[in-house]
Amino acid sequence: MTKSALVVKAYGRQFIVEIDGTNYQAVTKSKKTEYVVGDIVGIEEINSEQVQIVDVIKRDNLVYRTDNNRSKIIASNIDQMLIVIAVKPNCNLNFLNNCLIFAESAGITPIIIINKTDLTESADFTNKIINLYTASLGYEVISLSAYNGCDAILSKLANKNSLLIGQSGVGKSTIINQVIPDGRARTGEISKSENTGCHTTTNAELYHINNHSNIIDCPGLQEFGLYHLDVDRLIEYFPEIKDHLGECKFRNCRHLNEPGCIVKTLYENGQMDKVRFELLQSITNNLLTKGRF
Ligand SMILES: Nc1nc2c(ncn2[C@@H]2O[C@H](COP(=O)(O)OP(=O)(O)OP(=O)(O)O)[C@@H](O)[C@H]2O)c(=O)[nH]1
Ligand SMILES: [Mg+2]
Ligand SMILES: [Zn+2]
């Protein structure tokens, strides 16, 4: 008989799945099928420790990125994406913006977490981020120092499946250690590996905060490619343009350099941030040229 299980860890073609609170090693039936942390899957028992995944039972949404036409699946069944940024290591704003655009396209709530506010240089950075992303764009931004605790996000995590996403070294795993009950074990893991450099998460993993709240850690990303988006819908994913859809002079405007383009007008009037304006043009150009090689 097929039972259902939750995928809690993925490493290559190997998975750990959870059934009634117990973890099992899982292999897959077909080499072609890809599963991801957060999936509810159907399994068949092999023995008391091992099971075989046979299909996906529930995948209401899927977080994935696409770089140069290659898709990489990250996690599924996500209620909210917590995009973690920090003044150190250098914050790549295009990465943050791409995550926000993805979240908009997938209908997943994004929350920006600014970590490492204990660093003195963080104050200026935090103000700039809040000014643009909350005041102008309406995104929720929470600033904290994982070293001093993560109480600021606890209420946000309640009764949700949250995914932490961000560049390597921003402190995702440190945040996880603060919000899960058995986090101390993992802190030990971090301090041990600190002797050899830095701790880097290599596999996506789901942790239970309690019976109704889960949080997923994943390896740090360099890029969050958006090659899968529909170029005709791109501007819908920009809150600063959303209220002006249909205001361009030409119905088929690509918002690159056409006369009477509302996007250009918003930018020139200071209602659109330069980095986001240039990113929109660059994603548009990438989407228009993809598949032509
Ligand atoms: N100053 C400061 N450092 C922090 C804070 N949170 C985490 N760090 C440090 O930042 C470094 C990276 O933290 P991790 O939690 O491993 O970062 P990560 O985002 O999980 O990194 P990857 O697994 O590589 O993606 C570690 O040396 C942490 O001790 C913070 O609030 N303040
Ligand atoms: Mg990590
Ligand atoms: Zn236009």
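**Figure 1. Buried residues of helix α4 in the predicted model.** Lys-172, Ser-173, Ile-175, Ile-176, Asn-177 and Val-179 are the buried residues of α4 shown here. The structure is a predicted model. Helix α4 is mostly covered, with six of its eight residues buried. The helix spans residues 172-179. One of its buried residues, Ser-173, returns in the next view as a metal donor.

**Figure 2. The magnesium ion (ligand 2) and its protein donors.** Two side chains supply the protein donors: Ser-173 through OG and Thr-201 through OG1.

Figure 3. Cys-253 is buried, at 7% relative accessibility. Cys-261 is buried as well, with a relative accessible area of 4%.

**Figure 4. Where domain 1 meets domain 2.** The domain assignment divides the protein chain into domain 1 (3-58), domain 2 (62-217) and domain 3 (234-289). The C-alpha centres of domain 1 and domain 2 are 25 Å apart. At their interface, 14 residues of domain 1 are in contact with 12 residues of domain 2. Together the two domains bury about 1000 Å², of which 54% is on carbon and sulfur atoms. On the domain 1 side, Lys-9, Val-36 and Val-37 lose the most area to domain 2. These three account for 43% of what that side buries. One salt bridge is found across this interface. Lys-9 also pairs with Glu-205 in a salt bridge, at 3.5 Å from N to O.

**Figure 5. The salt bridge of Arg-65 and Asp-67.** The whole structure holds 13 salt bridges. One of them joins the side chains of Arg-65 and Asp-67, at 2.6 Å from N to O. Asp-67, at 22% relative accessibility, counts as partly exposed.

**Figure 6. Glu-121 and Lys-88 join two loops.** The closest N and O atoms of this salt bridge are 3.2 Å apart. Glu-121 lies in the loop between β9 (109-115) and α2 (122-136), and Lys-88 in the loop between β8 (80-86) and α1 (93-106), so the pair ties together parts that are 33 residues apart in sequence. Glu-121 is partly exposed, with a relative accessible area of 35%. Lys-88 is partly exposed too, at 46%.

**Figure 7. Glu-104 and Lys-242 link helices α1 and α6****.** Their side chains meet in a salt bridge, at 3.5 Å from N to O. The pair connects distant parts of the chain, 138 residues apart. Glu-104 is in helix α1, and Lys-242 is in helix α6 (residues 239-242). Glu-104 is partly exposed, with a relative accessible area of 22%. Lys-242 counts as partly exposed at 37% relative accessibility.

Definitions and conventions:
Residues are numbered from 1 along each chain as its sequence is written. Chains are lettered from A and ligands numbered from 1 in the order in which they are written. This is a predicted model: local features need pLDDT of at least 70, side-chain atom pairs count only at pLDDT 80 or more; totals for chains, interfaces and linings use all residues. Side-chain values use heavy atoms; hydrogens and water are left out. Donors are N, O and S atoms within 2.8 Å of the metal (3.2 Å for Na, K and Ca); water is not among the atoms, so sites may look incomplete. Helices (H or I, at least four residues) and strands (E, at least two) are DSSP runs, numbered from the N terminus. Buried means under 20% relative accessible area, exposed over 50%, partly exposed in between (1.4 Å probe, protein chains only). Domain bounds come from an automatic or database domain assignment. Contact means heavy atoms within 4.5 Å. Buried area is the accessible area (1.4 Å probe) that two parts lose on being put together, summed over both. A salt bridge is a side-chain nitrogen of Lys or Arg within 4 Å of a carboxyl oxygen of Asp or Glu.
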